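Me: Hi! Could you take a close look at one part of this model for me, and then follow on to a second element for contrast? I'd like to see how the pieces are laid out.

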Amino acid sequence: MNTVNKSVMKKGTTMSIFANGRYYPLVILILVAALMTVTGLWAVDRASTQGDVLVEGNNSQQLQTYHWKMVTTWPKNLPGLGRAPETFSKLLDEMSNGRLKVHVYGAGELVPAMGVFDAVSEGVVEMGHGAAYYWKGKVPAAVFFTGVPFGLNAQEMNGWLHYGGGMELWKEVYEPFNLVPLAGGNTGVQMAGWFNTELTSVEDLQGLKMRIPGIGGEVFNEAGGTAVTIPGGELYTSLQTGVIDATEWVAPYNDLALGLHEVAKYYYYPGWHEPGSTLEIIINSQAFESLPQDLRVMVKAAAYTANQDMLDEYTARNNAALQEMINNHGVQLRKLPDDVLRKLKESSAIVLEDYAAADPLAGKVYESFTAFRKSVIEYHHISEQAYINARDL
Ligand code: CA
């Protein structure tokens, strides 16, 4: 009985708490607090789960930050040529929100200028910036991806590379070297160069000692001149001391920076040997494949932008630099005589045909290049060229 009463009393006590209206606010408060605690814990758990998925799940690469090295064939921050790698790196950093950081090294900082191809090919570094024609000793076909004498101008090079089959061939040529190529800049039409003797006819080419590298140099030899190779840093002294009679470099924007107008009498045009030189970005194949798809797309987009940006900068700055040379430094501008240009054009055809015949892959690229050149020249006769002629009327 006592037991029963105790039980009843306990029950009654318990009931009385809920029955008593004084306790309702406390109960509601406890329930609300419990609900908030459960909701909060769920939200925290959900957030950390999402974080875990990103960190440990299939999308793990999306959060990884890559630190890459890019070696170049230019002195660090050289105007024009050396600015493209910096433009590329900055764009990529911004586009990827800091996930792909490319540190740019000037020539000689990590590897010498002419060691860029091997360093990227062997995976010593992930990327390089330079010009394909520097590697013609290892890869004869590479010259066409920079440009050749009397070849394509900048606009035409971009057309061939990106819509005319050129890029597919470039990939094929570089694939055995473990490299992925991208166009990474264009100088536009260069100048024929700086001369200390006046050229009035083909005979003036005989024995003329000119610094002119690559295929252009071979053509110059074929036409009767004597081509020599001297690094950019020695051009000023070589011209000043008469070691050479002439030199080519790039165009007014770059040439003014070297001060070549101080040691040469005449500035000749047009740059028949480099009508629109494409610069290259090369990427180690394994490094490129290790990137998630979105970063690979950003690499291509940044290269495409840097490719156009260099041309835009030269277009804007060359004219101003030429005006300064003429107006402030008394530079004498000269056009190469037509018979000299005709001779150089004939010599180019001979040299390029021999060159293509000596290497099967070079022959394959030459065929694509020359077919595109022929068709685009026909169209540009009635478009670009006709318009420029009309503008001059
Ligand atoms: Ca040049």
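**A sheet, and then a helix**

Reply: Happy to! Pro181 stands opposite Ile282 in strand 10; bear in mind that this is a predicted model. Strand 10 covers residues 278–284, and six bridges join it to strand 4 in an antiparallel arrangement.

Step back and you find an open sheet of five strands, ordered 2-1-3-10-4, whose pairing is mixed. Its edges are strand 2 (100–105) and strand 4 (179–186), each of which pairs on one side only. From one strand to the next, the twist averages 25 degrees.

Helix 3 (residues 83–95) lies across strand 1 (66–72), strand 2, strand 3 (127–130), strand 4 and strand 10. Relative to strand 2, helix 3 runs at about 165 degrees.

The 20 residues of helix 12 (338–357) should span 28 Å at 1.5 Å a residue, and the end C-alpha atoms are 29 Å apart, which agrees. Buried in helix 12 are Val340, Leu344, Ser347, Ser348, Val351, Leu352, Tyr355 and Ala356. Looking down the axis, these buried residues fall within an arc of 160 degrees, so they line one face of helix 12.

What covers the buried residues of helix 12 includes helix 7 (214–222) and helix 13 (360–382). The face turned away from the buried side carries exposed Asp338, Asp339, Arg342, Asp354 and Ala357.

Terms used. Residues numbered from 1 in each chain as written. Predicted model: local features only at pLDDT ≥ 70, side-chain atom pairs only at ≥ 80, totals over all residues. Helix = DSSP H or I, 4+ residues; strand = E, 2+ residues; numbered from the N terminus. Expected span 1.5 Å × (residues − 1). Buried ≥ 20, exposed ≤ 12 C-beta atoms within 10 Å, placed from the backbone. Arc of directions from axis to C-beta. Contact = placed C-beta atoms within 7 Å. Pairing = 2+ DSSP bridges. Axes fitted to C-alpha atoms, helices over the stretch in contact; angles between N-to-C directions.
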